[in-house]
Amino acid sequence: MEEWLQTSDYFLVDIIFGADDRIVIEIDHADGVWIEDCAELSRFLQGKLGDELGDYELEVGSAGLGQPFKVEQQYKNHVGDEVEVLQLDGQKLKGVLKTVDGRNFTVTVQEKQTVEGKKRPVIVDIDKTFSMDEVKSVKYLLAFK
């Protein structure tokens, strides 16, 4: 599989071995996943593995929009996009994914704050930094405008 991935801009997100004799391979790409490429990878793997697959059913697909990110490259692909962060305490916040640095990422959120000289709270941009290991999930928010 690495051989096929190296010849494309796709990256591996996950391999799931199901109890129902299915192997599900999730791939992703900065510009989205095309069904033709999933079929090509499936044929490539079936050609390489042949009889080794045995009774397993091989399924190749996209990681899916709106699904939680699983690998660092998904975070990097969505810098500048609106995301939802589900924190360990169950709180959700929405903001724009600003940066990714190793396993850490920063999201710019809008919060109301009291500002000296203003009668009412104003909305300000606040950067919040998280570790990928210290949140339950992060996912891209589809915007239908």
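How exposed is arginine 103, in terms of relative accessible area? Arginine 103 is partly exposed at 40%, where buried means under 20% relative accessible area, exposed over 50%, and partly exposed in between (1.4 Å probe, protein chains only). Keep in mind that this is a predicted model, in which local features need pLDDT of at least 70, side-chain atom pairs count only at pLDDT 80 or more, and totals for chains, interfaces and linings use all residues. Residues are numbered from 1 along each chain as its sequence is written, and side-chain values use heavy atoms, with hydrogens and water left out.

**The overall layout**

The protein chain has three helices and eight strands; helices (H or I, at least four residues) and strands (E, at least two) are DSSP runs, numbered from the N terminus. Read from the N terminus, the order is α-β-β-α-β-α-β-β-β-β-β. The radius of gyration of the protein chain is 20 Å, well over the 15 Å that the globule rule gives for 145 residues, so the chain is more spread out than a compact globule. That radius is taken over C-alpha atoms, and the globule rule is 2.2 Å times the number of residues to the power 0.38. Along the principal axes, the C-alpha atoms fill a box of roughly 75 × 30 × 30 Å. Buried residues account for 32% of the 145 residues.

**Salt bridges**

There are nine salt bridges in the structure, each being a side-chain nitrogen of Lys or Arg within 4 Å of a carboxyl oxygen of Asp or Glu. Here are some of them:

| Pair | N to O distance | Separation in sequence |
|---|---|---|
| Lysine 70 and glutamate 26 | 3.0 Å | 44 residues |
| Aspartate 133 and arginine 103 | 2.7 Å | 30 residues |

Take the lysine 70 pair: lysine 70 sits in the loop between β3 (57–62) and α3 (72–77), with glutamate 26 in strand β2. Lysine 70 is partly exposed at 42%, whereas glutamate 26 is buried at 14%. Asp14 comes into the picture too, as salt bridges with shared partners join Asp14, Glu26 and Lys70 into one network.

Lysine 98 is partly exposed at 43%, and aspartate 127 is partly exposed at 40%. Valine 96 also lies in strand β5, and it counts as partly exposed at 36%. Between valine 96 and lysine 128 there are 10 Å from C-alpha to C-alpha, with the two residues 32 apart in sequence.

Back to arginine 103, which is placed in the loop between β5 (92–101) and β6 (104–113). Its partner aspartate 133 is in the loop between β7 and β8 (135–140), and aspartate 133 is exposed at 54%. Arginine 103 is also 5.7 Å from serine 131, C-alpha to C-alpha, although 28 residues separate them in sequence.

Aspartate 21 is in the loop between β1 (11–17) and β2 (22–28). Its phi is positive, about 60°, although this residue is not a glycine. Aspartate 21 is partly exposed, at 38%. On the surface, Asp20, Asp21, Asp55 and Glu57 gather in a patch of negative charge. Patches are made of residues with over 30% relative accessible area and no salt bridge, with like charges joined within 9 Å and nonpolar side chains (Val, Leu, Ile, Met, Phe, Trp, Tyr) within 5 Å.

Technical notes
Areas by Shrake-Rupley, 256 points an atom, 1.4 Å probe, with all protein chains shown as cover. Lys, Arg positive; Asp, Glu negative; His and termini not counted. Charge placed at Lys NZ, Arg CZ, Asp CG, Glu CD.
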